[in-house]
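My entries follow in the order in which I looked.

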Amino acid sequence: MDSILVKVPVTVKAKLTEKLRDRIQGELEENLKNVNLDLQQLDIQEKRDTEAQAGDLRRVQMVHEQYAVERQKRLDFKQETEAHLEDLKKLAIGAEITQGQLERQVELKVGSDMHEVMNVEVLVEDDKVIAIRG
């Protein structure tokens with residue numbers, strides 16, 4: 001066997017433009033709004049569930065613990081989202097940000113340079129591919 005087809009990752013990066021910054025900022029702010037609503041809803045549900053179990057202290061404690069776990073997940077997400085928003089504000093226009101990964105098929109042959117095959121990036125600006133780096 002002299003060759004084989006393999007899938008390798010391709011990093012997708014975007015050049016930060018005002019349009020992209022506005023889009024990402026809008027998504028992050030929407031996520032913050034949604035998580036705040038989720039937190040309010042959790043408080044309401046916890047109060048209802050606690051009142052429903054008022055006669056059983058053990059069950060009330062279990063309800064509080066369950067809601068504490070859910071609340072912490074949302075608070076962690078909120079903190080992470082706020083940090084992303086702050087990082088976004090610090091980035092200069094033209095900065096390259098990683099947006100994800102794709103896969104591509106490559107034919108490897110005896111003697112292929114693995115470094116060259118594995119390190120491929122696609123650079124996008126306003127949804128248009130502007131460079132493919134290898």
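I began with strand pairing: two strands pair if DSSP finds at least two bridges between them. Helices (H or I, at least four residues) and strands (E, at least two) are DSSP runs, numbered from the N terminus.

**Ground rules.** This is a predicted model, in which local features need pLDDT of at least 70, side-chain atom pairs count only at pLDDT 80 or more, and totals for chains, interfaces and linings use all residues. Residues are numbered from 1 along each chain as its sequence is written, and side-chain values use heavy atoms, with hydrogens and water left out.

**Entry 1, the sheet.** I traced the strands and found four of them in an open sheet of mixed pairing, ordered β2-β1-β3-β4. β2 and β4 are at the edges with a single partner strand each, so one side of each has no neighbour in the sheet. I noted an average twist of 25° from one strand to the next; axes are lines fitted to C-alpha atoms, for helices over the stretch in contact, and angles run from 0 to 180 degrees between N-to-C directions.

I then took the pairs in turn. β1 and β2 run antiparallel and are joined by 13 bridges. β1 and β3 (residues 121-125) run parallel, with four bridges. β3 and β4 (residues 128-133) are antiparallel, with five bridges.

Which residues are the bridge partners of V12? In β2 the partner is G100, and in β3 it is V122. Further along the sheet, I found L123 opposite A131 in β4.

**Entry 2, the β3-β4 turn.** Two residues lie between the strands of this hairpin. I looked up D126 and D127, as both are placed in the loop between β3 and β4. Most residues other than glycine have a negative phi. D126 has a positive phi near 50°, and D127 has a positive phi of about 70° without being a glycine.

Are these two buried or exposed? The classes are buried for under 20% relative accessible area, exposed for over 50%, and partly exposed in between (1.4 Å probe, protein chains only). D126 has 35% relative accessibility and so counts as partly exposed. D127 has 60% and so counts as exposed.

Which residues of α1 are buried? I listed L20, R21, I24, L28, L32, V35, L39, L42, E46 and T50. An α-helix has 3.6 residues a turn, so residues three or four places apart point the same way. What do the buried residues of α1 pack against? They pack against β1 (3-15), α2 (57-90) and β2 (96-109), where contact means heavy atoms within 4.5 Å.

I went back to the sheet for the angle. β1 and β2, joined by 13 bridges, are the strands that α1 touches as it packs on the sheet, and its direction makes about 105° with that of β2.

K89 lies in helix α2. At 47% relative accessibility, K89 counts as partly exposed. I took the separation of the C-alpha atoms of K89 and I4, 85 residues apart along the chain, and got 45 Å.

A95 is in the loop between α2 and β2. At 21% relative accessibility, A95 counts as partly exposed. Which residues is A95 in contact with, leaving aside its neighbours within four places in sequence? They are A14, K15 and L16. From A95 to N119, 24 residues on along the chain, the C-alpha atoms are separated by 19 Å.

I counted three helices and four strands, running β-α-α-β-α-β-β from the N terminus on. The C-alpha atoms fill a box of roughly 75 × 45 × 20 Å along the principal axes.

What is the radius of gyration? The protein has 24 Å, whereas a compact globule of 134 residues would have a value near 14 Å. The radius is taken over C-alpha atoms, and the globule rule is 2.2 Å times the number of residues to the power 0.38.

Of the 134 residues, 25% count as buried. Among contacts between residues at least 6 apart in sequence, 77% join residues at least 24 apart.
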